[in-house]
Amino acid sequence: MGVEVRTEGITKSFGRQNIWQDVTLTLPPGEISLMVGPSGTGKSVFLKSLIGLLKPEQGHIYIDGTDITTCSNKDLYDIRKLFGVLFQDGALFGSMDLFDNTAFPLREHTKKSESDIRKIVMEKLDLVGLGGAENKLPGEISGGMRKRAGLARALVLDPQIILVDEPDSGLDPVRTTYISQLFLDINAQIDATFLIVSHNINLARTVPDNIGMLFRRHLVMFGPREVLLTSEEPVVKQFLNGRMIGPIGMSEEKDEAQMAQEQALADAGHNVGGVEEVEGIVPQMQATPGMPYREAITRRQNRVREILHTLPPAAQAAIIKDMEDVDATQQIPVTAGAGGNYDTSYEHSAGYEYDQNYARYDQPQHYDNSSAHEGAAADRFEEPPTAPYEPQQRYEDPDTGQHRRN
Ligand SMILES: Nc1ncnc2c1ncn2[C@@H]1O[C@H](COP(=O)(O)OP(=O)(O)O)[C@@H](O)[C@H]1O
Ligand SMILES: [Mg+2]
């Protein structure tokens, strides 16, 4: 299983420019988490801080229990080997073919023989659907293929934590969905802890187990996907629906006059954009049938069930429904209460101050959980598993032209 990543009150500035402050969150081991936020809010800086490329001025970052803000350089070097990182552009060497690009970390960091390297590289290229393309140069392939190659390279050292920066940048929606599927499939196969940074709404709605949002130098929230996808927090709601109406403006922050003007336009019937009809929860994508069971599902269900009573009512209802839906289609060997124990159920930054008057819930708040739903969901966990899926269809991969089993 992937390892836990925890930040505790981290603050990062460059000179006098504060990027974010007091960011506290836990990436649950083996689950897929996603960080959203407007451009320039410090998402990439956050990723770089997690691998120790940038050092926050305050706070602590625990990777599998080791504080990388205070540990020795040697320990940091070892900790870094736990990470696989996919940078925005794939960051491939233009003069090396995909084989050599993918082999690079193995040649740098291990003493493996060329025949072992060959085996690993071909396996990882296969994993990302690039088997057969190993002799191509980065310049000869599509953006989607370059991302896949970057991902193959991120996987060769068998990482326990995978960081991905804007995987959708430069990709069309279909390619973005293919790479999203790949993340879920890889998570199912290697059970690594994922943190993906993206402002793609589709990806945010369908891929992660957990979502966080950075805005105005604070972590607005971090928690199970259902919490953010049902949130009434204006900035979260605006972002996840891609609307103009809300606190985020063209130049990140808006004044009240502009907000009032836009609201008046909307009230007068002007189409202010966004996709209101997809508000709320859409089903999470699953690993491709035929892949191993994604263990994160069970762990997350157990974890979320323990904190259910601390979550807002809309999130509770969505989680219960989600558990029922997933349970109907997956074999879930659930034992109640066996999940990890996190002392913060979900993060809702007290430091994030929004000057408008709106109802907010402060953490930790306990909601009345008197409904019978929880029991009903728990009962359904005992239902007999459904028959294993038989792979039967084939599809053509749009990047490689290969036929892959579906
Ligand atoms: N190494 C650096 N030195 C100085 N400023 C930086 C550095 N890296 C990032 N920044 C600044 O930090 C802010 C956040 O950047 P970034 O993390 O790239 O945002 P995002 O990924 O959310 O779009 C930007 O204003 C950027 O200019
Ligand atoms: Mg960035």
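# Briefing: buried strands, a core and a ligand site

With 22 C-beta neighbours inside 10 Å, Glu166 counts as buried, because the cut-off for a buried residue is 20 or more such neighbours. This residue belongs to a predicted model. Glu166 sits in the loop between β7 and α6 (173-190), and its phi is near 45°, a positive value in a residue other than glycine.

**A second residue with positive phi**

- Asp158 is not a glycine, yet its phi is positive, at about 50°.
- Asp158 is found in the loop between α5 and β7.
- Asp158 has 12 other C-beta atoms within 10 Å and is therefore exposed, since a residue with 12 or fewer falls in that class.

- Six of the six residues of strand β9 (residues 210-215) are buried, so the strand is largely enclosed by the rest of the structure.
- Asn210, Gly212 and Leu214 lie on one side of β9, Ile211, Met213 and Phe215 lie on the other, and both faces are covered.
- Strands of a sheet pair through backbone hydrogen bonds, in either a parallel or an antiparallel manner.
- Strand β3 (residues 32-36) pairs with β9 in the parallel sense, over four bridges, and Val36 has Met213 as its bridge partner in β9.
- Strand β10 (residues 218-224) pairs with β9 in the antiparallel sense, over six bridges, and Leu214 has Leu219 as its bridge partner in β10.
- A hairpin is formed by β9 and β10, with two residues between them. Arg216, in the turn, has a positive phi of about 45°.

**Strands β6 and β7**

- Along strand β6 (residues 83-86), Phe83 and Val85 point one way while Gly84 and Leu86 point the other way, and all are buried.
- Four bridges join β6 to strand β7 (residues 161-165) in the parallel sense.
- The bridge partner of Val85 in β7 is Leu163.

**The largest nonpolar core**

- In soluble globular proteins, nonpolar side chains tend to be buried together.
- The largest nonpolar core has 83 residues, of which Leu163 and Met213 touch the most other members.
- Helix α5 (residues 143-155) supplies the largest share of this core, six residues.
- Apart from neighbours within four places in sequence, Met213 is in contact with Val36, Gly37, Val220, Met221, Leu228, Val236 and Phe239.

- An open sheet is built from four strands in the order β2-β1-β4-β5, with antiparallel pairing.
- The edge strands, β2 (17-27) and β5 (66-67), each pair on one side only.
- Strand β4 (residues 58-63) and β5 run antiparallel and are joined by two bridges. In β5, Thr66 is the bridge partner of Ile63.
- Helix α1 lies across β1 (5-14), β2 and β4, and runs at about 120° to β1.

**The surroundings of ligand 1**

- The residues around ligand 1 are Phe14, Ile19, Gly37, Ser39, Gly40, Thr41, Gly42, Lys43, Ser44 and Val45.
- Helix α1 (residues 43-50) contributes the largest share of this shell, three residues.
- By class, the shell around ligand 1 consists of three nonpolar, six polar and one charged residues.
- Gly37 belongs to the shell around ligand 1 and is also among the contacts of Met213.

Methods:
Residues are numbered from 1 along each chain as its sequence is written. Chains are lettered from A and ligands numbered from 1 in the order in which they are written. This is a predicted model: local features need pLDDT of at least 70, side-chain atom pairs count only at pLDDT 80 or more; totals for chains, interfaces and linings use all residues. A residue is near a molecule or strand if its C-beta atom, placed from the backbone, lies within 6 Å of it. Ala, Val, Leu, Ile, Met, Phe, Trp, Tyr, Cys and Pro count as nonpolar, Asp, Glu, Lys and Arg as charged, and the others, Gly among them, as polar. Two strands pair if DSSP finds at least two bridges between them. Two residues are in contact if their C-beta atoms, placed from the backbone, lie within 7 Å. Axes are lines fitted to C-alpha atoms, for helices over the stretch in contact, and angles run from 0 to 180 degrees between N-to-C directions. A nonpolar core is a set of buried Ala, Val, Leu, Ile, Met, Phe, Trp, Tyr and Cys residues joined through C-beta atoms within 7 Å.
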